[in-house]
Amino acid sequence: MTPSCRRLLLPTLALIALAGCATTPTHPVDDSERDALAAAADGQFDSALRVAKLYQYRNDVRALDWYARAAATTPRTHRSTSAEEQLGTILERGRLDSGDAPQKPDAVVLKPSARKAYRWYHRAAYHGSPYAMSDLETWYERRGDMEGALRWRLRRAVYLRQLYKLQPLRDATSGSAKPGTPLSADASPNPVIARIQRRAARGDAEAQVDLGTLYEAGIGVVQDKTEALRWYERAAAQGNVYGQYLAGLALGRGGDGLQKNVDAAAAWFAKASAQDFYMADESYWREAIKPPFFQFSE
């Protein structure tokens, strides 16, 4: 099955899976519930979210189904991804409320599921949510997977222009690369970075995006935005949405020896937007490529 087919099936499969978690309500349908359900017949995000929040407040597991319905509404915006993130949080915690105290036995309506939580965080991230990128970084860190955590830390840092926050990583891998040498001769002694390099060279699109972010940040390799763009575009050409979006950012922002090209950036953003990556919509990317408010010159 192609990646595009899998993406089309995900919302349907998610709704079916969550529907299996639903329980018969233990209370009569009251006016507020009846009104919310009637309004939700319009298929709009706000209407579905209203029902989701109503059930969540009542500690009713049907909230999961309604958050999934809200997340599936179109057009996709940051609010759609917020519903996906909420599902991830609920499923990872195994509870509908936001409390930390132990639940009473009669209040337990679902079990934690790190695997299901990951799926929703992943969906939100691949629809453009920078918050979900942070969720995934934490998810991997909790499981001791530093390679997975590094992926999402780097992608979020590139998007938010926070490469300066990666200095500890840069220091830890300094001396790993030599300027002006090809990838085969520039293999990092760091095992995580070396694996990324090998997979990228073999054509793994996700690893190519990862290697692009390493070049953009100068972690384990010589900082080189032009080389970063080359790897982003190799991933983008395979249909990878992060390759498309980060190629657009690199071209739209320019700098560090890379010529700014907004027209070329717009073409990559359009491809990412076609995959429901909401940050690639023009209203978002135009803001994302603007120069930062503070610019420091040497």
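Okay, one term before we start: a nonpolar core here is a set of buried Ala, Val, Leu, Ile, Met, Phe, Trp, Tyr and Cys residues joined through side-chain atoms within 4.5 Å. Keep in mind that what you're looking at is a predicted model.

So, the core. The largest one has 81 residues, and the members that touch the most others are Y67, W152, L214, Y242, Y245, F269 and F277. Which helix gives the most to this core? That's α13, residues 241-253, with eight residues.

If you ignore neighbours within four places in sequence, L214 is in contact with L150, L154, I193, I196, I219 and V221.

If you take contacts between residues at least 6 apart in sequence, 56% join residues at least 24 apart.

Now α14, which I'd like to walk through. This helix covers residues 262-273, twelve of them, and at 1.5 Å a residue the span should be 16 Å; the end C-alpha atoms are 16 Å apart, so that agrees. Which residues of α14 are buried? A265, W268, F269 and A272. Looking down the axis of α14, these buried residues fall within an arc of 105°, so they line one face of the helix. The background, for anyone who wants it: an α-helix has 3.6 residues a turn, so residues three or four places apart point the same way. And what do the buried residues of α14 pack against? They pack against α12 (225-237), α13 and α15 (282-288). One more detail, at the start of α14: a side-chain oxygen of N261 comes to within 3.3 Å of the backbone nitrogen of D263.

P75 sits in the loop between α4 (62-72) and α5 (78-93).

Then we have positive phi values. N59 isn't a glycine, yet its phi is near 55°. You'll find N59 in the loop between α3 (45-57) and α4, and at 24% relative accessibility N59 counts as partly exposed. R161 is also not a glycine, and its phi is positive, about 60°. R161 is in the loop between α8 (146-159) and α9 (167-172). With 29% relative accessibility, R161 counts as partly exposed.

That's my tour, thanks.

Key. Residues are numbered from 1 along each chain as its sequence is written. This is a predicted model: local features need pLDDT of at least 70, side-chain atom pairs count only at pLDDT 80 or more; totals for chains, interfaces and linings use all residues. Side-chain values use heavy atoms; hydrogens and water are left out. Buried means under 20% relative accessible area, exposed over 50%, partly exposed in between (1.4 Å probe, protein chains only). Helices (H or I, at least four residues) and strands (E, at least two) are DSSP runs, numbered from the N terminus. Contact means heavy atoms within 4.5 Å. The expected span of a helix is 1.5 Å times one less than its number of residues. The arc is that of the directions from the helix axis to the C-beta atoms. A polar contact is a pair of N or O atoms within 3.5 Å; within protein, one must be able to donate a hydrogen and the other to accept it, and residues adjacent in sequence count only if both atoms are side-chain atoms.
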